[in-house]
Structures are given as C-alpha cells and as structure tokens.
Amino acid sequence: MSNSLFPWQEGVWQQLQQMRARLPHAILFHGAEGIGKTVFAELFAQSLLCEQPKADGHACGVCGSCGWFMQYNHPDYRRVRPEILDGEDAGDGDEGGDAGDSKKTAKSAKAPSKEIKIDQIRALSGFMNISTHRQGQRVVLLYPAEALNTAASNALLKTLEEPPPNTVFLLSSNSLDRLLPTILSRCRKFAMPLPSREQAMAWLRQQDVKDADVWLAEQGGAPLTAYAQSQSEGRELIDEFLLHLTKPGIDGALKCAEHLQKTPVAELVGWQQRWLYDLFSFKLCGTIRYYPRYEKALTSLAAKVETGALLRALKSSNERRAIAEHPLSARLFIEEMLLDYAAMFA
Ligand SMILES: [Zn+2]
C-alpha cells in the first residue's frame with residue numbers, strides 16, 4: 001500500500017476529517033476509476049485504527065496499531081475485494097497464515113473471481129462478533145463495491161441495516177449506477193475528485209512516464225490508469241488498432257483481427273468505445289476527449305458518418321463489452337466488431 005495521499009487528495013482529506021466527530025457507519029467513496037480512491041480509503045482506515053492520530057487526521061505510522069495495519073494483519077481490520085485483486089500487494093495476510101502459495105496454485109487451476117461473493121460477506125460476521133482490540137473501532141474496507149454479486153449485496157445490506165457497534169464500513173465504487181439503490185441509501189456518499197490536468201501531469205512526470213499527455217487523455221484524465229497503461233506492453237498493437245480505426249475497410253479489418261487476436265479483447269473494445277465516443281462528441285459539439293492526437297482523422301470520419309449510426313455503434317459496443325471477457329473466438333469477435341465499424345462509413 002501507498003503510505004501517503006496523492007497530491008490531488010489533500011483537500012478532500014480535510015473535508016473528510018469533518019465527518020470524524022460523528023462518523024457514519026458506512027461511507028461510500030465514489031469517483032472515476034484510476035484516481036486513487038482505494039489508497040485514500042485505506043489511509044483513512046489506518047487513521048481510524050491508529051492509537052495516536054496526528055492533528056491533521058493522518059495515522060501516526062509508528063504505533064502498534066499502525067504496525068499491524070501496514071503488515072495487513074490488524075485484528076480489527078478486514079479488506080473485502082474480488083479474488084482477482086489478491087496478490088496485488090506483497091505481504092497480503094488478510095486471513096492470516098501463508099495463503100500466498102496455495103492461492104497461486106489455485107489461480108493457475110481456475111481463473112480468479114472478479115466478483116465479491118456471499119461467503120466473503122458471511123465471513124465478516126465472526127469478525128464483527130468478537131470484541132475489538134482495546135475497545136477501539138472495527139473497520140471493513142470493501143472495493144470495488146460494484147463487484148458485489150446479487151447474493152453478496154443482499155447479505156451486506158442486512159449488515160448495513162443493523163450495523164454492529166463500533167464498526168465502520170468503507171466502500172469504494174467506480175460506478176454508483178451499478179450498485180443496489182438500497183445499498184446506496186445506507187451509505188454516506190463521499191465524492192472523490194478527478195485531479196486537474198496539471199496535477200495529473202506533474203504526478204505522471206514524477207513517475208517518469210513518457211508521453212504522459214497522450215496516456216492521460218486516452219484514460220480520460222485518470223492518472224493511475226494512465227500510469228498502468230503506460231507500463232503495459234502492447235503499445236504497438238494499440239497503435240495498430242487505432243491506425244486501423246482511422247482507415248475503416250474490409251481488408252484492413254480482417255488483417256487487424258488476425259494480428260490482434262492475442263490481445264485481450266475487452267481492452268480492444270474499450271479502446272474502440274473511446275474512439276466512438278470521440279467521433280460522437282466531435283460530431284455533436286466539436287470536442288475530442290480521448291484521442292486529440294488523431295484529431296485530423298476524427299474530423300474527417302465524423303463528417304462521413306450519421307449520428308444515428310454512431311449511437312447504434314456505441315450501444316452495440318456496450319453490449320460487446322459485456323461479453324468480451326470470454327469470446328468464443330477472439331479473431332471472429334474482432335473481425336465482426338471492425339466490419340460493423342467499416343459498414344458505418346460505406
Ligand atoms: Zn498510529
């Protein structure tokens with residue numbers, strides 16, 4: 001875990017401190033993906049458990065409680081997240097014991113879950129029934145809340161309706177519209193800001209990211225996803241894909257699908273969704289959000305396409321996103337997607 005706030009979070013941190021005197025039993029941090037909400041919520045969790053928090057509300061970092069917290073084995077803290085996020089940070093001993101190796105073995109046998117399951121929520125009840133260390137608070141951090149499946153949501157709802165004493169739930173979500181309204185109504189919502197372009201650029205430069213402006217635009221201004229993308233391989237493939245989108249056509253679509261069939265399909269759908277969004281936004285109001293470096297191509301393509309066709313393409317792109325994790329054939333999936341795209345300009 002990171003042990004400090006991101007520079008764009010200082011203001012909201014102070015805002016959050018005002019809630020401390022009468023702490024709600026559930027706080028839902030929400031905002032765009034990739035702006036550091038989880039780090040923020042984790043630091044807040046640590047500060048709630050800290051034995052000597054500083055005047056500005058930050059955890060001291062040196063007391064026994066902070067020590068446990070930073071080792072991920074504080075007895076009054078639980079972190080609930082999908083299995084796929086396990087192993088993201090070293091020394092992850094949520095459940096105690098050395099689960100690391102056995103988890104890895106399980107992983108290779110079966111794809112780790114992307115959902116938060118009911119068993120994970122049920123496992124909290126034991127935790128909530130034992131007394132806390134030095135009669136302090138008990139903190140549960142759950143993220144991303146939209147990963148809760150229906151059964152788990154309902155189980156959590158029961159707990160939120162009858163909150164155990166001295167227990168604070170911290171939830172984090174990238175999209176409130178994917179949460180049950182009943183869950184929303186049980187939480188105090190706390191909006192997390194997107195950093196200004198200057199703040200995000202300064203941070204990316206500190207991380208030595210080359211072409212930081214390109215990454216940041218493509219990720220809609222979210223610095224952490226921009227950073228993650230800049231570190232991933234496959235920039236050339238993405239460029240090939242975008243280049244194809246500038247020159248829609250049947251031959252190109254087939255070639256592109258052949259080259260890119262090993263690329264995670266969900267990512268390609270995401271890149272195309274942003275492209276379609278830019279086309280739509282340029283056509284309607286002359287602005288480009290994600291791909292300013294392709295302004296020329298976007299301008300000429302926007303002139304050739306009907307608004308209705310673009311709307312339909314955006315809709316089917318959303319539908320594709322839902323099934324893109326497990327396509328029967330990646331190559332056919334990409335072909336179909338690109339042929340549909342080419343047909344818009346025919
Ligand atoms: Zn401390």
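**A tour from the zinc site to V305**

In sequence, the residues that donate to the zinc ion follow the spacing C-x9-C-x2-C-x2-C. The model is predicted: local features need pLDDT of at least 70 and side-chain atom pairs count only at pLDDT 80 or more, while totals for chains, interfaces and linings use all residues. Residues are numbered from 1 along each chain as its sequence is written, and side-chain values use heavy atoms, with hydrogens and water left out.

Select the zinc ion first. Its protein donors (N, O and S atoms within 2.8 Å of the metal, or 3.2 Å for Na, K and Ca) are the SG atoms of C50, C60, C63 and C66, at 2.3 to 2.4 Å. The angles among the four donor atoms run from 102 to 120°, and the site is tetrahedral, a label given to four donors if all angles lie between 85 and 135 degrees. The ideal angle for four tetrahedral donors is 109.5 degrees. Of these cysteines, select C60 and C63: both are buried, that is, under 20% relative accessible area with a 1.4 Å probe, protein chains only.

Next, select S281, which is in helix 13 (residues 265-285); helices are DSSP runs (H or I, at least four residues), numbered from the N terminus. S281 counts as buried because its relative accessibility is 9%. Leaving aside residues up to four places away in sequence, S281 touches G286, T287 and I288, contact meaning heavy atoms within 4.5 Å.

Finally, select V305, in the loop between helix 14 (295-304) and helix 15 (307-323). V305 has a relative accessible area of 4% and is therefore buried. With residues up to four places away in sequence not counted, V305 touches K283, L310, M344 and F345.

Notes: Four donors count as tetrahedral if all angles lie between 85 and 135 degrees; four count as square planar and six as octahedral if opposite donors are over 155 degrees apart and all others between 65 and 115; anything else is irregular. Buried means under 20% relative accessible area, exposed over 50%, partly exposed in between (1.4 Å probe, protein chains only). Helices (H or I, at least four residues) and strands (E, at least two) are DSSP runs, numbered from the N terminus.
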